Amino acid sequence: CLSCSPKTLGDVTVVTEELKNLYYKRLLPIEKHYSFHHFHSPSYEDADFDNKPMVLVMGQYSTGKTTFIRYLLEEEFPGSRVGPEPTTDCFTALMYGEEERVTPGNAITVDPKKPFRNLDPFGNSFLNRFQCVQMPNPVLESISIIDTPGILTAAKRKLSRGYDFQAVLRWFAERVDRIILLFDAHKLEFSDELTRAFGALYGYEDKLRVVLNKADRVDSQQLMRVYGALMWSLGKVFRTPEILRVYIGSFWSEPRQRCDHYKLIELEEEDLLTDIRNLPRNATVRKLNDLVKRARLAHAHIISHLKQEMPTIFCRESKKHNLIYELPVIFTKIQQQHRVPAGDFPDCTKMQEKLLGQDFSKFKTLKPSLMNSLNKLLTTDIASLVPLFQQQEQRKKSLPAVLDGEFLGTFRRDQFKGDPFKEMLKDDEISEADSDEWVVEKYKPKYDEIFYNLSPHDGKLSGTKVKEWMTTTHLPNSVLAHIWRLADVDRDGMLDNEEFALAVHLIEGKLDGHWLPRELPSHLVPPSKREQRQAP
C-alpha cells in the first residue's frame, strides 16, 4: 500500500521504503527466476536502498583525484597519498563514522549495513586492494566518496592488476549517484586502459561529470586547444548525441595561479559543487531510475526465447553455439514479437560472452504471472510513486544535503595537531586563555595597517571592499566564502578592525597549508564580540 499520512508523504525514508518493497515484491522474483545476476548484476539488498548517495572519483594517475577529495573534505584521510608518480592501487570508500577507522575489503564485504556485499566475486586480488575509511567528517554525513586507483597510461599498459578493473568500475558505476572523471590540462592522454574504463561507463553517461583539472596552470590559448581535443576524444569514445558536461577548474584548496580565465574557473567550481550538493536531495530519484532500468531490460524475453529454441535431446551443444552466434537476429525477432524497444536490450557482445558458460537446458520460458507482475510495476506501481516524489520536491529545503559551508572547512575537536587556530594549552590554562587572551592580538598592528589602507567607513569595511582584497590571495572563492562567514561574527555584512584581523589571520593560516576550523573556536572570537556571541 502506498498510502501514508501527509506528514510523512514527502519523507525520503518513506519513498525509499516504497522502492524497496516494490523491488522485493515485483522485480526480485523475476530476477531469480531468470538468473539475472549471472548475466548482469547482483540482486539489490537493503543497504543499496538505505545508504547515502555515493560519488565515484576516477581518472588517470596524477590528475588530482585524491587532492580533489581532500578539497571536498577540507581534511586528510587515512591512506591518502599525493604525488606525481603512481601512488596507490587501492579502491577506498570514504564513509561517515563517529570514530576514525579503516576496515579492509574482506571484512567490509560481509557487513550487511554497507552496500559492498556483492563485491566478493571479484576475489581476493581485488578485496586486498579495497578498504573502507570511516571518519567524523560533516561532508560524509550526507554523501560517501569512492576513491579509485589511477588509470594506467600507455607506458604502464603491460602491468596487470590481478583483477577485472573494468568490471569493478562498472559495478560501482551502476550503484553510485555521480561519477567524477578527472583529466589533467597538462597531459591529455587516452590510454588503452582509459578507453576500456569508458566501456564500463556505457549506459551511465547521465551520472558522468568530466573535470579538466589544473586549468590555472595553462594559458587561455592552450586551455582552448586542450578543451577542444578533450571534447573530440570523448565524442569518439562515447558516441552519443548528448555532449558530456566538462567542468574547467583547479580543484584544490591552495592558492591558484592568476590567469586570464580565472573567473571561469571560479564559476565552474561553484557549478560542480552545486551539482554535488544536490545529490542527497536527488538520491531517491536516482534509485527509482536505476530500478526502472533493471525492470525494463529484456532479459526474461531473451532467456525464454533461447529455451524455446533448444532441442529436447540431440545436438544441444551445436544448437547452443548457433543461437549465441545468431543473438543479434534473435534480438530483432524479440523486438518485433513483443514490441520491446531496442534500447531495452543488453550489450549483445557481452551477452554472448556470458551465454557461453551457461546451460541452456536450465533456462525457463516466460511465466505469465511474473510478466504480469513486471508489467504492473512499470505501468501502475511506479506511477503511484509520483505523488511521493512531488511532495519530496516541495520539501527539498528540509532534506539533508551537503551544505555550502560543509565543503569549506571541518574541525575535529579531538585532534588539534597541525591546526594553527588552536594553541596547545595546559588544562589549567584553557579557561583563563579562552576568557581573556585573543590569539590574533599580537598580529593585529600588521592587520590594522591593511584595514585602514582599504579606507573603512564608520570603522567598518563593506563586503565588496573585503572581497576585492581577499581575492588577491588567489585562494578559491569557496575557501574565502567560508573565511568570511567565520570572520563576520556579528553577521552584519561588514567587518570591523577586529573581524578583519581575524579574517587575515585565517587566510594566513590557510596559505601556510593548514585546515580551516569548521566553526569559530572560542579563543578566536574577538574580545568585543564574546558577550554578544554567548548571548542566547
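The secondary structure of the protein chain, in this predicted model, comes to 23 helices and ten strands. Of the 536 residues in the protein chain, buried residues make up 50%. Among contacts between residues at least 6 apart in sequence, 80% join residues at least 24 apart.

**Largest pocket**

- The largest pocket has a volume of about 1400 Å³, and 36 residues line it, with Phe39, His40, Arg170, Tyr204 and Lys350 lying nearest its centre.
- Helix 2 (36–39), helix 7, helix 11 and helix 15 are the elements that give two or more residues to the lining of this pocket.
- Divided by class, the lining of the largest pocket holds 16 nonpolar, eight polar and twelve charged residues.

**Cavities**

- Rolling a probe the size of a water molecule over the atoms shows where empty space is left.
- The count of cavities of 30 Å³ or more comes to five, and the largest cavity holds about 130 Å³ of space.
- The largest cavity is lined by 15 residues, and Asp48, Phe49, Arg175, Arg286 and Lys287 are the closest to its centre.
- At least two residues of the lining of the largest cavity come from each of helix 3 (46–50), helix 7 (165–175) and helix 11 (279–296).
- The lining of the largest cavity has six nonpolar residues, one polar residue and eight charged residues.

- In helix 8 (residues 192–200), the buried residues are Glu193, Leu194, Ala197, Phe198, Gly199 and Ala200.
- The cover over these buried residues of helix 8 includes strand 1, helix 7, strand 6 (178–184), helix 9 (220–238) and helix 15.
- Glu193, which lies in helix 8, has a relative accessible area of 11% and therefore counts as buried, the cut-off being under 20%.
- Leaving aside residues up to four places away in sequence, Glu193 touches Gly150, Ile151, Leu152, Arg161 and Phe165.
- Gly150 and Leu194 stand 44 residues apart in sequence, while their C-alpha atoms are 9.7 Å apart in space.

**Packing of helix 21 against helix 22**

- Two packed helices are described by the angle between their axes and the distance between the axes.
- The axes of helix 21 (residues 477–487) and helix 22 (residues 497–511) come within 9 Å and cross at roughly 145°, and the crossing of helix 21 and helix 22 is right-handed.
- On the side of helix 21 the contact is made by Val479, Leu480, Ile483, Leu486 and Ala487, and on the side of helix 22 by Glu499, Leu502, Ala503, Leu506, Ile507 and Lys510.
- Sorted by class, the residues of the contact between helix 21 and helix 22 comprise nine nonpolar, no polar and two charged residues.
- An α-helix has 3.6 residues a turn, so residues three or four places apart point the same way.

- Ser62 is not a glycine, although its phi is positive at about 65°, and Ser62 is found in the loop between strand 1 (54–59) and helix 4 (65–73).
- With a relative accessible area of 14%, Ser62 is buried.
- Arg339, likewise a residue other than glycine, has a positive phi near 55°, and Arg339 is found in the loop between helix 14 (327–338) and helix 15 (348–356).
- At 75% relative accessibility Arg339 counts as exposed, because the cut-off for that class is over 50%.

**Asn106 in helix 5**

- Asn106 lies in helix 5 (residues 105–108) and, at 36% relative accessibility, counts as partly exposed.
- Apart from residues up to four places away in sequence, Asn106 touches Asn124, Leu127 and Asn128.
- Asn106 and Leu119 are 13 residues apart along the chain, and a distance of 9.3 Å separates their C-alpha atoms.

Notes: Residues are numbered from 1 along each chain as its sequence is written. This is a predicted model: local features need pLDDT of at least 70, side-chain atom pairs count only at pLDDT 80 or more; totals for chains, interfaces and linings use all residues. Side-chain values use heavy atoms; hydrogens and water are left out. Axes are lines fitted to C-alpha atoms, for helices over the stretch in contact, and angles run from 0 to 180 degrees between N-to-C directions. Helices (H or I, at least four residues) and strands (E, at least two) are DSSP runs, numbered from the N terminus. A crossing is left-handed if the near helix is turned anticlockwise from the far one by less than a right angle, and right-handed if clockwise. Contact means heavy atoms within 4.5 Å. Ala, Val, Leu, Ile, Met, Phe, Trp, Tyr, Cys and Pro count as nonpolar, Asp, Glu, Lys and Arg as charged, and the others, Gly among them, as polar. On a 1 Å grid over the protein atoms alone, a cavity is a set of points where a 1.4 Å probe fits but cannot get out, and a pocket is an open set with protein on both sides within 12 Å along at least five of seven lines; lining residues have an atom within 4 Å of a point. Grid points are joined across faces, edges and corners, and a volume is the space filled by probe spheres set on the points. Buried means under 20% relative accessible area, exposed over 50%, partly exposed in between (1.4 Å probe, protein chains only).
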